[in-house]
Amino acid sequence: ASAIGQSPQFVARDLKKMIRRGMFPDGHLDDEETHLILGYDTYRRYQEMKAKTERLREEQKAAEAANPVVAEGRQYILKIREANDALPEEDISQKLQQLETIIGKIFACVEQRPQKLPEIRRFLNYYLPTTLKLVTAYREFSEQPVQGSNIQNAKNTIKQTLDTVNDAFAKLLDGLYQDDVLDISSDASVLETMLAQEGLTGGDFEKK
């Protein structure tokens, strides 16, 4: 299109005419009509990739419909990531990266263990929305062309609060695994007791 000084739409129309007239026997345009694919095998692979992508999108939609909490969590993570990308400061970027990682792990845990959902209700309904509000405010303050003492003080307060939030969310994440840790400890204790009763502990394992 650039070479002949015409629009991409004009070229696409011409190419479709040429394909119909047999000038490109194995030629196809992609669905967006931005690429000319020459060769049946290449077009077949394109179709397979497109079908796979559509299937993955449908699976993701189904998963989000089945677990709207996880879908909501992904939206929060996306907004925090967008704010992080827009902020050049290294110190706040590290805090936001840590925040994103912890939140992601919390939602991953709930996705694998839906029974844990009641344990993060306050996290979902208050802590997370308020944290995002602070992050958004920091981004807006940083975009102000003139930053007086009030804005600087507010930004410092938000940065300090993010440290507290990261510590608190990390404790929440650790608490979600408390029952699993207790179960593992119990299993380990029972196993050790049974091995001892069978005389299979200590030196008895060391066969010479």
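Predicted model: local features only at pLDDT ≥ 70, side-chain atom pairs only at ≥ 80, totals over all residues.
Local features were considered at pLDDT of at least 70 and side-chain atom pairs at pLDDT 80 or more, whereas totals for chains, interfaces and linings use all residues. Residues are numbered from 1 along each chain as its sequence is written, and side-chain values rest on heavy atoms, with hydrogens and water left out.

Helices are DSSP runs of H or I with at least four residues, numbered from the N terminus. In soluble globular proteins, nonpolar side chains tend to be buried together.

The surroundings of I106 illustrate the packing. When neighbours within four places in sequence are set aside, I106 is in contact (heavy atoms within 4.5 Å) with I120, F123, F169, L172, L173 and L176.

The structure contains 11 salt bridges, each defined as a side-chain nitrogen of Lys or Arg within 4 Å of a carboxyl oxygen of Asp or Glu. One of them joins the side chains of R74 and E111, with an N to O distance of 4.0 Å. Because R74 belongs to helix α3 and E111 to helix α4, this pair ties together parts that are 37 residues apart in sequence. Both ends are partly exposed: R74 has a relative accessibility of 34%, and E111 has a relative accessible area of 39%.

A further salt bridge lies within a helix. D41 and R44 both belong to α2 (residues 40-66) and are three residues apart, about one turn of the helix. Their side chains meet at 3.9 Å, N to O. D41 is partly exposed at 44% relative accessible area, and R44 is likewise partly exposed at 33%. Together with E48, D41 and R44 are linked in a network of salt bridges.

The side chains of E119 and K116 also form a salt bridge, at 3.9 Å from N to O. In this pair, E119 is partly exposed, with a relative accessible area of 41%, whereas K116 is buried, with a value of 4%.

Notes. Helix = DSSP H or I, 4+ residues; strand = E, 2+ residues; numbered from the N terminus. Buried < 20%, exposed > 50% of the residue type's maximum accessible area, 1.4 Å probe, protein only.
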